[in-house]
Amino acid sequence: MTKHYDAIVLGAGAMGSAAAYHLARAGQKTLLLEQFELDHQKGSSYGHSRITRYAYDDPAYVKLAQAAFPAWAQLEAEAGEKLYTRTGGLDFGPPDSTSVRATIDCLKQMQIPHEVWQADEAMRHFPQFHLDDDTLVLFQADTGILSASRCVLAHLRLAERHGAELRPNTPIVEIVPDASGVTVKTVAETFSAARVVITAGGWARTVLAQVGLNVPLYPERCQEIYFETAQPEQYEAERFPAFIAHVGDVYGRHVYGIASNHNSGLKVALHGGQRVSHPSEINYEPTMQEIETVLRFTQRHLPDVTTLRSARVCLYTMTPDEHFLIDKHPQFPHVVFGGGCSGHSFKFSPVIGGILADLALRGTTAHDISLFGVARFL
Ligand SMILES: Cc1cc2nc3c(=O)[nH]c(=O)nc-3n(C[C@H](O)[C@H](O)[C@H](O)COP(=O)(O)OP(=O)(O)OC[C@H]3O[C@@H](n4cnc5c(N)ncnc54)[C@H](O)[C@@H]3O)c2cc1C
């Protein structure tokens, strides 16, 4: 017999775990299906750390961050676990960097406290960095670290506590929406539900095609890289800020970094990677080329970095404009989806999970999601 649920969630990454939590908390009989084990390493959400920040160049994201900081605090309180560590954050680049300037302007406009420093002032605060004399530096004190895997597992644990059923190692092979609900098939079983939330990360283009939506979401193969340092205590969260170096002109991509979190080693990595058409094409073995590019950066700007500790491959899922995709299906409003996270959505996941639950339950949300609509691709 087909088992019926109020809501089915596809995918247990940052978005799906948060959506399942919000749906279950709202009293929905919720089933979450994940193709791999929980907290697996093949998608986008596994790991020691992600940056969270207000420092964006677009007020829409600052507003989402204004909702996300308290949402993380609420999750920490309910989970009884520390998930966010405030480290402060730097954005820096050449003096004419349009992206650093646009971020400063946006924080001013949104009245988010911040400081604009010259290189010598930044290095007085954070002597770990060597910056060129004319570097333009933005400092924002609330920027910090989210312990990524712990965040996902906290959402999953609480979803389960609120009654959700979690099924790892259960790929969804077919989704068939109709006027009143949806049928979801796995290899062995068929389920029905009043609504489905699709949060498929790098697999989203293929999954959304099953419900008739052809959207340009492409995975990128990225590398997280962790290093040993000459003075490890200087690279702990108490002393080292998260940073984004707006240095695409020199290194091909922005470079970002995060303090050692739970003894991970200092993370320094390139933002983005090589585009593929499906995650099955990805070679999950780290390659030296990216590590060498990052080492060129550290030799110039973080001279205490000594040797490679570890590296791993994971996915971004890019949209052409790098804005997320969060919407409901134009023909089947009980089919809701969140994806295209373009390498910067983790920090918003508790809010996006709430938005997805709102869309699935009420068809609307109080948050401004006008940047994220599917109509821009259809
Ligand atoms: C190296 C790296 C660094 C990043 N740094 C930051 C940062 O500093 N700050 C920030 O805010 N963001 C950052 N991000 C981005 C952020 O981590 C991602 O945007 C976010 O984790 C995306 O979550 P997701 O749930 O959409 O995708 P995923 O975590 O990939 O989850 C999708 C899930 O769906 C499952 N799935 C797919 N198809 C099926 C199916 N048919 N049936 C069942 N399950 C299925 C997958 O197995 C997967 O578990 C970073 C990402 C990476 C990779």
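Begin by selecting valine 176, which is partly exposed, with 13 other C-beta atoms within 10 Å. A residue is called buried if 20 or more other C-beta atoms lie within 10 Å of its own, exposed if 12 or fewer, and partly exposed in between, with C-beta atoms placed from the backbone. This is a predicted model, in which local features need pLDDT of at least 70 and side-chain atom pairs count only at pLDDT 80 or more, while totals for chains, interfaces and linings use all residues. Residues are numbered from 1 along each chain as its sequence is written.

Valine 176 belongs to strand β10 (residues 172-177). Helices (H or I, at least four residues) and strands (E, at least two) are DSSP runs, numbered from the N terminus. Leaving aside neighbours within four places in sequence, valine 176 is in contact with Val182 and Thr183; contact requires that the C-beta atoms of two residues, placed from the backbone, lie within 7 Å. Next, display valine 211: its C-alpha atom is 6.8 Å from that of valine 176, although 35 residues separate the two along the chain.

Proceed to threonine 206, in helix α6 (residues 204-210). Threonine 206 counts as partly exposed, with 14 C-beta neighbours inside 10 Å. From threonine 206 to leucine 217 the C-alpha distance is 9.2 Å, for 11 residues in sequence.

**The two domains**

Colour the chain by its domain assignment: domain 1 comprises 3-46 + 149-217 + 321-377, and domain 2 comprises 89-141 + 220-312. These bounds come from an automatic or database domain assignment. The centres of the two domains, taken over C-alpha atoms, are separated by 31 Å. At the boundary, 6 residues of domain 1 are in contact with 6 residues of domain 2. The side of domain 1 that touches domain 2 consists of 1 nonpolar, 4 polar and 1 charged residue. In this classification Ala, Val, Leu, Ile, Met, Phe, Trp, Tyr, Cys and Pro count as nonpolar, Asp, Glu, Lys and Arg as charged, and the others, Gly among them, as polar.

**The nonpolar cores**

Now select Ile8, Val196 and Leu356, which touch the most other members of the largest nonpolar core, a set of 110 residues. Such a core is a set of buried Ala, Val, Leu, Ile, Met, Phe, Trp, Tyr and Cys residues joined through C-beta atoms within 7 Å. Domain 1 and domain 2 both give residues to this core, so it lies between them. Valine 196 is in contact with Ile8, Leu10, Ile175, Val182, Val184 and Val335, when neighbours within four places in sequence are set aside. A second, separate core has 5 residues, among them Cys222, Leu315, Tyr316 and Met318.

**Helix α1**

Helix α1 (14-25) is the next selection. Its 12 residues reach 17 Å from the first C-alpha to the last, close to the 16 Å expected at 1.5 Å a residue; the expected span is 1.5 Å times one less than the number of residues. Is α1 enclosed by the rest of the structure, or open? Because 11 of its 12 residues are buried, α1 is largely enclosed. The covering elements include β1 (3-10), β2 (30-33), α5 (148-161), β12 (190-198), β20 and α9. Just after α1, glycine 27 takes a positive phi of about 90°.

**The ligand shell**

Show the residues around the ligand; of the 36, Gly11, Gly13, Gly43, Gly201 and Cys341 come nearest. By class, the shell has 18 nonpolar, 14 polar and 4 charged residues.

Glycine 343 lies in the loop between β20 (335-339) and α9 (349-362). With 20 C-beta neighbours inside 10 Å, glycine 343 counts as buried. Not counting residues up to four places away in sequence, glycine 343 touches His271, Gly272 and Tyr316.

Aspartate 39 is in the loop between β2 and β3. Its phi is near 60°, a positive value in a residue other than glycine. Is aspartate 39 buried or exposed? Aspartate 39 counts as buried, since 20 C-beta neighbours lie inside 10 Å.

Finish at glutamate 322, in the loop between β18 and β19 (325-328). The phi of glutamate 322 is near 65°, again a positive value in a residue other than glycine. Glutamate 322 counts as partly exposed, with 13 C-beta neighbours inside 10 Å.

Key. Near = placed C-beta within 6 Å.
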